[in-house]
Amino acid sequence: MGEKDISEKLLADYEDVFADIVNVLLFHGEKRVIPSSLQSTENRSHYKADDSKLHEQERDILKAWTDGHIRIALIGLEDQTIPDAKMPVRIFGYEGANYRSQLNNQTIIPVVSLVLYFGTKRHWHKPRNLKALLNIPEGLEHYINDCHIHVFEIAWLPDEQINQFESDFGIVARYFSELRKNKNYIPDDTRTIRHVDEVLKLLAVMSGDHRYENLLAPTESKKEVTTMCSVAQRLEDQGIKKGIEKGIEKGRTELLVSLCRTGDISIEIAAREMHISVAEFQKYLNGEIPE
């Protein structure tokens with residue numbers, strides 16, 4: 001899911017959102033993790049492959065959960081829009097690198113990885129553990145270490161769990177849950193969005209609806225975008241504006257075709273006014289292109 005990297009800052013990178021995700025998905029809504037207890041940490045690691053070259057791998061987000069000063073655990077989040085059959089291998093590599101980085105530490109802290117799946121058309125149907133990917137010779141089953149991945153299907157979370165989110169992620173989770181039930185869903189969430197840019201980026205990338213990206217354009221004012229209701233209104237306004245522009249252009253084309261057919265203007269002038277070739281405009285005159 002390389003496209004998600006276009007986001008300069010992922011929504012879950014904010015400590016309030018990250019803590020909220022962990023508390024709801026791992027601790028059933030209990031506020032075990034507070035934003036101030038989280039520390040951003042290096043999410044890149046290196047490994048040497050069969051080609052003997054040093055390669056870099058990067059987790060989406062990795063934070064250290066601390067108890068004031070002492071680290072308790074490392075928690076990583078991975079975002080997916082489509083099921084990845086090799087995800088157990090990826091997680092195994094990420095966690096192995098995270099543990100290896102602690103070799104010189106007096107105390108080794110646990111590493112937890114959460115996969116956030118934003119698909120709405122079907123459940124995660126790929127393997128959730130490493131052994132399921134392997135063709136293990138008879139007699140080796142008990143000697144192969146396994147790695148299980150923890151996939152959370154955001155669009156299929158029960159309503160009572162979605163209601164436990166207190167950050168912007170609750171708005172995102174509700175959006176994908178409703179989108180799964182109705183592909184024509186019009187956002188109607190009235191909760192105030194705290195991180196507007198990051199929520200819109202996440203919706204655009206994870207849903208594939210790039211209209212949300214248009215709301216981030218420099219020419220667009222985001223002052224009125226405070227809830228998903230206002231987002232829906234802005235999208236509707238954009239659609240109306242485009243419809244009007246399309247209608248005006250269609251009327252202009254019909255006028256030029258009419259003037260050309262009556263001999264009031266030449267085909268060369270008409271083509272020049274539409275910024276197309278004479279041959280292309282001739283198609284309009286012949287009725288090959290709907291006016």
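## Overall make-up

A residue is called buried when its relative accessible area is under 20%. By that cut-off, buried residues make up 43% of the 291 residues in the chain of this predicted model. The secondary structure comes to nine helices and seven strands.

Contacts across the sequence are well represented.

## The five-stranded sheet

Five of the strands form an open sheet. Their order is β1-β4-β5-β6-β7, and the pairing is mixed. β1 (38–40) and β7 (150–153) are the edge strands, each pairing on one side only. From one strand to the next, the twist averages 30 degrees.

As a general point, strands of a sheet pair through backbone hydrogen bonds, either parallel or antiparallel. Two of the pairings here are followed below.

## Strand β4 and its partners

Strand β4 covers residues 61–67 and pairs with β1 in the antiparallel sense. Three bridges join the two strands. Gln39 has Ala64 in β4 as its bridge partner. Leu38 stands opposite Trp65, also in β4.

β4 also pairs with β5, again in the antiparallel sense, over seven bridges. Lys63 has Ile75 in β5 as its bridge partner. β4 and β5 form a hairpin with two residues between the strands. In that hairpin, Gly68 takes a positive phi near 85 degrees.

How enclosed is β4? Six of its seven residues are buried, so the strand is largely enclosed by the rest of the structure.

## Thr66 inside β4

Thr66 is found in strand β4. Is Thr66 buried or exposed? Its relative accessible area is 4%. The cut-off for buried is under 20%, so Thr66 counts as buried.

Which residues does Thr66 touch, leaving aside its neighbours within four places in sequence? They are Ser37, Gln39, Arg71 and Ile72. Of these, Gln39 is the residue whose bridge partner in β4 is Ala64.

## Helices α4 and α5

Helix α4 runs over residues 168–181, and helix α5 over residues 196–207. The two pack at an angle of about 30 degrees, with their axes 11 Å apart. Angles under 35 degrees count as roughly parallel, so α4 is roughly parallel to α5. The crossing of α4 past α5 is right-handed.

On the α4 side, the contact uses Asp168, Val172, Tyr175, Phe176 and Leu179. On the α5 side, it uses Val199, Leu202, Leu203, Met206 and Ser207. Eight residues of this contact are nonpolar, one is polar and one is charged.

Pro83 is found in the loop between β5 (70–80) and α2 (87–100). Why does Pro83 count as buried? Its relative accessibility is 17%, and the cut-off is under 20%, so Pro83 counts as buried. Leaving aside its neighbours within four places in sequence, Pro83 is in contact with Tyr117, His123, Trp124, His125 and Lys126. Phe118 lies 35 residues from Pro83 along the chain, and their C-alpha atoms are separated by 9.5 Å.

Gln161 is found in helix α3 (residues 159–162). Gln161 counts as buried because its relative accessibility is 17%. Leaving aside neighbours within four places in sequence, Gln161 is in contact with Val24 and Leu25.

## His28: an exposed loop residue

His28 sits in the loop between α1 (15–27) and β1. Its phi is near 55 degrees, a positive value in a residue other than glycine. Is His28 buried or exposed? Its relative accessibility is 64%, and exposed means over 50%, so His28 counts as exposed.

Definitions and conventions:
Residues are numbered from 1 along each chain as its sequence is written. This is a predicted model: local features need pLDDT of at least 70, side-chain atom pairs count only at pLDDT 80 or more; totals for chains, interfaces and linings use all residues. Side-chain values use heavy atoms; hydrogens and water are left out. Axes are lines fitted to C-alpha atoms, for helices over the stretch in contact, and angles run from 0 to 180 degrees between N-to-C directions. Helices (H or I, at least four residues) and strands (E, at least two) are DSSP runs, numbered from the N terminus. Angles under 35 degrees count as roughly parallel, over 145 as roughly antiparallel, 65 to 115 as roughly perpendicular and the rest as oblique. A crossing is left-handed if the near helix is turned anticlockwise from the far one by less than a right angle, and right-handed if clockwise. Contact means heavy atoms within 4.5 Å. Ala, Val, Leu, Ile, Met, Phe, Trp, Tyr, Cys and Pro count as nonpolar, Asp, Glu, Lys and Arg as charged, and the others, Gly among them, as polar. Two strands pair if DSSP finds at least two bridges between them. Buried means under 20% relative accessible area, exposed over 50%, partly exposed in between (1.4 Å probe, protein chains only).
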